[in-house]
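Welcome to this short briefing. Please take a look at the chain below before reading on.

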Amino acid sequence: AALYRSNGQGASVDMAKALRLIALALDALRRPDAARAAWTAARALYAETGIAAGAAECEARLEGASTSS
């Protein structure tokens with residue numbers, strides 16, 4: 001994620017995809033607070049770039065996390 005930010009590509013689909021992968025890894029590592037932050041950031045970028053399916057997946061993951069806590 002830092003690499004995308006340093007190259008000025010912070011608000012891109014690639015950054016959203018990178019954050020999604022980070023969120024999945026954090027979920028697998030059972031780090032819910034960090035995962036929630038990554039899902040939230042990815043959702044914002046997907047919404048900003050008009051990718052509704054990506055934003056919906058992030059939203060579903062966030063909703064699932066809040067019901068399992």
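Accessible areas here come from the Shrake-Rupley method with a 1.4 Å probe. On that basis, the chain exposes about 4,200 Å², and carbon and sulfur atoms supply 57% of it. Do keep in mind that this is a predicted model.

**Overall layout**

- The chain has four helices and zero strands, and its elements run α-α-α-α from the N terminus on.
- Of the 69 residues in the chain, 25% are buried.
- Among contacts with a separation of 6 or more, 36% are between residues 24 or more positions apart.

**The largest nonpolar core**

- As general background, nonpolar side chains in soluble globular proteins tend to be buried together.
- The largest nonpolar core in this chain holds 14 residues, and those touching the most other members are Leu19, Trp39, Ala42, Leu45, Tyr46 and Cys58.
- Which elements give two or more residues to this core? They are α2, α3 (32-48) and α4 (52-68).

- Leu19 is found in helix α2.
- Leu19 counts as buried because its relative accessibility is 7%, and the cut-off for buried is under 20%.
- Leu19 and Arg43 are 24 residues apart along the chain, and their C-alpha atoms are separated by 9.1 Å.
- Leaving out residues up to four places away in sequence, Ala42 touches Ala16, Leu19, Arg20 and Cys58.
- Leu19, Ala42 and Cys58 are also among the core residues that touch the most other members.

**Two loop residues**

- Ser12 lies in the loop between α1 (2-6) and α2 (13-28), while Arg30 lies in the loop between α2 and α3.
- Is Ser12 buried or exposed? Ser12 is buried, because its relative accessible area is 17% and buried means under 20%.
- Arg30, by contrast, counts as exposed, because its relative accessibility is 74% and the cut-off for exposed is over 50%.
- For those who like to check backbone angles, Arg30 has a positive phi of about 60 degrees although it is not a glycine.

Notes: Residues numbered from 1 in each chain as written. Predicted model: local features only at pLDDT ≥ 70, side-chain atom pairs only at ≥ 80, totals over all residues. Heavy atoms only, no water. Buried < 20%, exposed > 50% of the residue type's maximum accessible area, 1.4 Å probe, protein only. Core = buried A, V, L, I, M, F, W, Y, C linked by side-chain atoms within 4.5 Å. Contact = heavy atoms within 4.5 Å.
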